[in-house]
Amino acid sequence: MASSPHDDDRFDWQAAEADLNNPTIGGSDAEVVNLDTARARRTPRPRPSGDEVTHFDVALDEEPAPGGGPVDVPPVSPSGRKPVVPSSLAGWANIKASLRDGLAVTAYRAGFHGLRSPWYATQASFWAVVGVVRLVDRQRRWWWVTEQAALRQAAADAGDAAMWHKLHREVKNTRAWRGTVLTLGAVGSVFGGPLVWTLAPWWALAPAMVAAVAGLAHVGRPADRPIITAAVVATRFRRVNPDIILRAYYAAGLGHPDRPHQQVQFGSTMARDPSGTGSQVSIDLPYGKTFDDATKARGAIASGLDVAMSQVFITRDPTSHRRHTLWVADRDPLAQSAGRTPLLRCKPTDIWQPAPFGLDERGNKVSVDLMWNSVLIGAQPRQGKTFAARMLALYAALDPHVKLTVLDGGGKPDWRKFALVADRCAFGLAMTRDGDPAEIVVEALREIKDDVQDRYERLSKLPADICPEGKLTREIARNPKYRMPVRAVFLDEFQEYFDLGDISKEIASLLVYLVKVAPAAGVMFVDATQRPSGVGGGQVATQFISFRDNHQVRFSLRTGSWNVSDLVLGAGANSEGYDSSALLPSYKGVGILRGASDATPTVRTYLADADDTEKILIAARKLREAAGTLSGMAAGEDIAREGRDVLADVRAVIERGETGAQWEEIAARLADRLPEAYADVTAESISAQVRAFGVRSVDVKRSGKALKGAKADDIDAAITRRKAA
């Protein structure tokens, strides 16, 4: 099964990123790690006794810093003592690395401020003039003791003459001595200033002038307009500490601080996560509270932490159902794009290995294992559903040994370029030069069904040393003599194929059979829809539900409600805390991936736009041409059923003396007399084909029973009309 992230993926992630970004591997910014310190066991944090009081106002943690480590106590010796020499200065390698980092930051800041220094000087000169005016005004108010005016006015309003006279005498005396001080200062400046300017050396005057202008500019500038801007902007985030977490959990009803055995405990120390993008801690809920309770209360926890819900992530701990890991992101991690697909390398892929799909909320790579699985993708329109399905199709296309079938019920431009590599493809529902897309879909599904049944029979006859456990292997799939290549079927807007009238009954029946049986034979399905609730009625609607519910891997981008989210992700997803309707409308290509691994991450899918898709598919076609595996429509083969005159064939099976025949009779007679062309024909499919020529479907009596069928006169009239045209 696919997982996130894959440590053992054979897909070359590093090479992909190297080709795209060309970073210097092992560059000068590498961090030197002290392995002995990193392996030190954490010191358990003592839990508070019942007499201790929690104060929610006190910040208990140090200021979070970028980077950090796992949810453990900071590395110390077993005795609990911190190292005397900081780790950044422990050893010559760490000293060199620290010096390099310090010099690099200093050089950057020097260049940043050096370029802007003329503008700084201009602003400082202007605000220094304003500062002189403000400083003179401050001195005036200091001399006049303006702050006492309110007291004297209050005494006058109260009619307290004695207090007023007392205050008046004090202010007169204060003004007298303050005026003397200011006068002496002014005289000293008038006579001493020119003297200093004349006698002092330039190297003393220059820094004094700079300091004076800087001081006056600081006094004169507005408080919200710094003259020198920061060269490096530090990340700003809401500080989270254990007390705030306790407050959030208690407010969410996940415990009570004063009741016995109802306190929320910490299984680890709050720390920055390794990516430096958030804070995390292990939480032990009170006995009786479960992980499911925490996921349901995720919104209340976010409110208690005073952050957005999209910043709070709760991960199951396998050791206990009441324990989980809480991760609080500094900012919304889903608002950032995952970037271009690594498939732009245009190198061959291997379908037996997981396909790169995107990044999870913590920036870990997420892969989807296509082999043995069927994938359902659902979302509202314009949320990135087609792009997500197409990402997996591009991965399959770059494996030249995979036989592709691409069927798009919507007929959008997104899939058209897959005609370069697809064995069979159909776009939309309108008639094309290749024929009726609905008929192409039926033919393709019939052929796949026959292939699946034939595979099972041939696999069962292979010896155990070649085919262990009777399952398809990579060696068998890639050996041309066995004729069993891996097949990948991609259906976009598949709900359209369930709403075509009578022909939809056969399509629905084939799809249900294949999604249940085909993956085990090496035929995978990736199916996308914007109508997961279903279409039509009766048997077709029932088969739609059966088809939808028989997918192992599910990916739901934003949906309209939690009910629709559950239809895509599977029953019970909402009760476990997974609701794609909570995703913001601004998220494009972001969805919840369920069933691909033990985890259920929220994934930001990689991007491959129309130009990227064309580039990858051109490379995929070249790979197939080199491997000799280009087939079907991509190779220019005519794979449609042998061209026959359906009207003439149907007219021929209506016996002499019969005024008409029922559709079931017509289908049975065609299959019996022309098996090479109509072996799999059904009453519904032949009815749809004949009615397409304007033939009515009417009641035809046979043995006292009236069923729908066609009149011979109507068929003759249709043949005449066609000839006249």
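Student: Which residues are linked in a network of salt bridges here?

Tutor: The general idea: side chains of opposite charge can pair when their charged atoms come close. In this structure, K385, D408, K412, D492 and E493 form a salt-bridge network. A salt bridge is a side-chain nitrogen of Lys or Arg within 4 Å of a carboxyl oxygen of Asp or Glu.

Student: What should I know about the model and its numbering?

Tutor: The model is predicted: local features need pLDDT of at least 70, side-chain atom pairs count only at pLDDT 80 or more, and totals for chains, interfaces and linings use all residues. Residues are numbered from 1 along each chain as its sequence is written, and side-chain values use heavy atoms, with hydrogens and water left out.

Student: How many salt bridges are there?

Tutor: The count comes to 33 salt bridges. Start with D137 and R140, whose closest N and O atoms are 3.2 Å apart. Both sit in helix α3, 3 residues apart, about one turn of the helix. Helices (H or I, at least four residues) and strands (E, at least two) are DSSP runs, numbered from the N terminus.

Student: Which parts of the chain does the D350–R478 pair link?

Tutor: D350 and R478 form a salt bridge at 3.3 Å, N to O. This pair links distant parts of the chain, 128 residues apart: D350 is in the loop between β5 (323–329) and β6 (355–359), and R478 is in helix α12 (residues 474–478). D350 counts as buried because its relative accessibility is 15%. R478, at 25%, counts as partly exposed.

Student: What is the N to O distance for D714 and R696?

Tutor: The closest N and O atoms of that salt bridge are 3.0 Å apart. Again, distant parts of the chain are linked: D714 in helix α21 (residues 712–724) and R696 in the loop between α20 (683–691) and β17 (698–702), 18 residues apart. D714 is buried, at 16% relative accessible area.

Student: At what angle do helices α17 and α18 cross?

Tutor: Two packed helices are described by the angle between their axes and the distance between the axes. Helix α17 (residues 646–653) and helix α18 (residues 663–673) have axes that come within 9 Å and cross at roughly 100°. So α17 is roughly perpendicular to α18. D649, V650, A652 and V653 of α17 make the contact with I666, R669, L670 and R673 of α18. Contact means heavy atoms within 4.5 Å.

Student: Which residues have a positive phi?

Tutor: Most residues other than glycine have a negative phi, and most peptide bonds are trans. V145 has a positive phi, near 50°. V145 lies in the loop between α3 and α4 (149–157) and is buried, at 8% relative accessible area. C346 has a positive phi near 60°. C346 is in the loop between β5 and β6 and is buried, at 16%.

Student: Which residues make the nonpolar surface patch?

Tutor: W142, W143, W144, W177 and V181 make a patch of about 500 Å². Helix α3 (92–144) and helix α5 (161–199) each supply at least two of its residues. The largest share, 3 residues, comes from α3. W177 is in helix α5 and counts as partly exposed, at 47% relative accessibility.

Notes. Patch = residues over 30% accessible without salt bridge, like charges linked within 9 Å, V, L, I, M, F, W, Y side chains within 5 Å. Areas by Shrake-Rupley, 256 points an atom, 1.4 Å probe, with all protein chains shown as cover. Buried < 20%, exposed > 50% of the residue type's maximum accessible area, 1.4 Å probe, protein only. Axes fitted to C-alpha atoms, helices over the stretch in contact; angles between N-to-C directions. Parallel < 35°, antiparallel > 145°, perpendicular 65-115°, else oblique.
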